[in-house]
Amino acid sequence: MKYFQIALLLLIMSCGNEKIVQLPEITHSEVSEILDVSAAYLFYDETKKDSIELNRKSIIGTTNWLVNVDKRLTLKQAIPKIIYLQDKKRNAEVHKNAAAKNYYTCNNSSIKNLGFIEFTDVYYKEKQSEDFTLEPNTLVVLFNSDSDIELKLPDNETIKTSKATLLEDLKTITSKNVALETIQLFFNKNLTFQNYITFKSLLNQLNNKQVLIANDEFIFY
């Protein structure tokens, strides 16, 4: 088994090329150590088409994957490459390990070390929020920006919130609406990957076993 806990600068270097990935920053992470890993890198590079470069030369299909995404990339730029990586692993016919997981690598400033956010079971889809038919007992969260987040309740009530108040608002809503079963996430394609990881880190702190966050995540235009 490989043990992974190395210095930040070493982690974000692409093999042999010395290209730097600016990792997204978080202040909370449930995972800080991972065994048996290999890495892929999504670089922000203005000289490339769409300003993004994917390096997956170090990926080993049977390991846990650490996907290092530059925080400056937008979801419009990063998500298609991430879907490509996910499909490669999910559709593998040989050298497959059903127990292997996928993680985003982050800089956890609270411990001055690396933190990881799992996305193994996430399925990214492009869809407008108005085209989504709500299942009963579902809360929709639309992330437009740090200061513009909409919470759409099953009774069609919409509550405006922001990054600063999102977690407390969600806790209040889920405690008052005991029939809620699912939270469905929609992210604006123009959000940066830093925005996305910040929101995901907050949602991981919800700690409500009654309400599940849906595995399908929608990127809207």
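Student: Which accessibility class does Glu118 count in, at 36% relative accessibility?
Tutor: This is a predicted model: local features need pLDDT of at least 70, side-chain atom pairs count only at pLDDT 80 or more, and totals for chains, interfaces and linings use all residues. Residues are numbered from 1 along each chain as its sequence is written, and side-chain values use heavy atoms, leaving out hydrogens and water. Buried means under 20% relative accessible area, exposed over 50%, and partly exposed in between (1.4 Å probe, protein chains only). At 36%, Glu118 therefore counts as partly exposed.

Student: Which residue forms a salt bridge with Glu118?
Tutor: A salt bridge needs a side-chain nitrogen of Lys or Arg within 4 Å of a carboxyl oxygen of Asp or Glu. Here the closest N and O atoms are 3.8 Å apart. The partner of Glu118 is Lys101.

Student: How many residues apart are Lys101 and Glu118?
Tutor: Helices (H or I, at least four residues) and strands (E, at least two) are DSSP runs, numbered from the N terminus. Lys101 sits in the loop between α2 and β7 (102-108), and Glu118 in strand β8 (residues 113-118). Their separation in the chain is 17 residues.

Student: What is the N to O distance between Asp216 and Lys125?
Tutor: Asp216 lies in β14 and Lys125 in β9, 91 residues apart. Asp216 is partly exposed at 25%, and Lys125 is too, at 38%. Their side chains meet in a salt bridge at 3.2 Å.

Student: How far apart in sequence are the parts that Lys71 and Glu25 tie together?
Tutor: The two side chains form a salt bridge at 3.6 Å, N to O. Lys71 is in the loop between β6 (64-69) and α2 (75-90), while Glu25 is in strand β2. So the pair ties together parts separated by 46 residues.

Student: How many of the eleven residues of α4 are buried?
Tutor: Helix α4 covers residues 193-203. Its buried residues include Phe193, Tyr196, Lys200 and Leu203.
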